[in-house]
Amino acid sequence: MLKVFDVMSSPVITADVLDSVSKAALIMEKNKIGGLPVLDERKQLCGIITSRDVRCVHHNRIVADAMSKNVVHVNKYTTLWDAKSILEEKKLERLPVLEGCKLVGIITRTDILVKIGRHTDPLTGLMTGSYIRYLAENILKAGNELTVIFFDLNGFGLINKKHGHVYGDRCLKIVGQILTENTSGGLYFPGRYAGDEFIVVTTEKKDDAGLWANEIIKKIVNITKKNGMPVNIAAGVAGGRRKNARMEIHLSATVDDLINSASLASTLSKQYCVPVTFSN
């Protein structure tokens, strides 16, 4: 799971609370940056000054007169997706990163968007497994039901060998399109896990998720057949009721267990030639 510390800039270029606005402007111009965290006499974060702030006051004033004092910040263990949500909600361009009271980095909207952009699968348009894991952990954190559905195309390696990778890519695109079109209601969140494997997380109960997965499999079989590239697909479903919010330290391990259980269940589906298998 990507955290802020994976992307943040450090050490941080800062301004002192008693610096002149003109000095802050020169620092920003020299380093080609649009904002500076401001430190007080104890070297603790007390504000932030941006290029917009600089343009609104006389350059002979001190930074304390121009800076924004209520600084929205994150800690270095905040996920990139949470940091992105904060930036969007507060309409900000950058976030100082604190460890305790110490300023340890800064992260910008551009930093986040570039990194997160790498977590969108370019072939199918689905999110990657990392983002789906982030969603799954947040579902657990809120104390909600979590079910994981693991889809696996049968014999996909043979399809590539027999017909070529262009043919195989078309199949993967069709699967991605079907998942996208059938998860727009906000209950199911699909991603491409790896290769010919797809993952979906949902707040629906395991039995309901199994029925949904079965319908998805039927659509994939029918549509790929109509397009002259028939594929078979198996699914495994794992989940359980969460009556209370999970301890944050256990979230990742719980998600790992559910993904592994769903993956093993999909393997059983292949072995027994059934569309969907539920984990125990």
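Biologist: Which residues do ring pairs link into a cluster?

Modeller: The model is predicted: local features need pLDDT of at least 70, side-chain atom pairs count only at pLDDT 80 or more, and totals for chains, interfaces and linings use all residues. Residues are numbered from 1 along each chain as its sequence is written, and side-chain values use heavy atoms, with hydrogens and water left out. Rings of Phe, Tyr and Trp (its six-membered ring) pair if their centres lie within 6.5 Å; planes under 30 degrees apart count as stacked, over 60 as edge-to-face and the rest as tilted. Ring pairs join these residues into a cluster: Trp81, Tyr131 and Tyr134.

Biologist: How many aromatic pairs does the structure hold?

Modeller: A ring pair is described by the distance of the centres and the angle of the planes. The count for the structure is seven.

Biologist: Phenylalanine 150 and tyrosine 193 form one of them. How many residues apart in sequence are the parts that this pair ties together?

Modeller: The pair is edge-to-face, at 5.3 Å centre to centre and 70 degrees between the planes. Phenylalanine 150 lies in strand β8 (residues 146–153) and tyrosine 193 in strand β9 (residues 188–194). Strands (E, at least two residues) and helices (H or I, at least four) are DSSP runs, numbered from the N terminus. The pair therefore ties together parts whose separation in sequence, in residues, is 43.

Biologist: Is phenylalanine 150 buried or exposed?

Modeller: Buried means under 20% relative accessible area, exposed over 50%, and partly exposed in between (1.4 Å probe, protein chains only). Tyrosine 193, at 35%, is partly exposed. Phenylalanine 150 has a relative accessible area of 2%, so it counts as buried.

Biologist: In which helix does tryptophan 212 lie?

Modeller: Tryptophan 212 forms an edge-to-face pair with phenylalanine 151, at 6.3 Å centre to centre and 65 degrees between the planes. Phenylalanine 151 is buried at 1% relative accessible area, and tryptophan 212 counts as buried at 14%. Phenylalanine 151 lies in strand β8, so the pair ties together parts 61 residues apart in sequence. The helix that holds tryptophan 212 (residues 206–226) is α9.

Biologist: Which strands stand at the edges of the open sheet of three strands?

Modeller: The order is β4-β5-β6, with mixed pairing. Each edge strand has a single partner strand, so one side of each is left without a neighbour in the sheet. Those edge strands are β4 (74–75) and β6 (102–108).

Biologist: In which sense do β4 and β5 pair?

Modeller: Strands pair here if DSSP finds at least two bridges between them. Valine 74 stands opposite valine 97 in β5. Over two bridges, β4 and β5 (residues 94–99) pair in a sense that is parallel.

Biologist: Which helix packs on that sheet?

Modeller: The helix touches β4, β5 and β6; contact means heavy atoms within 4.5 Å. Its direction makes about 130 degrees with that of β5. Axes are lines fitted to C-alpha atoms, for helices over the stretch in contact, and angles run from 0 to 180 degrees between N-to-C directions. The helix (residues 80–90) is α4.
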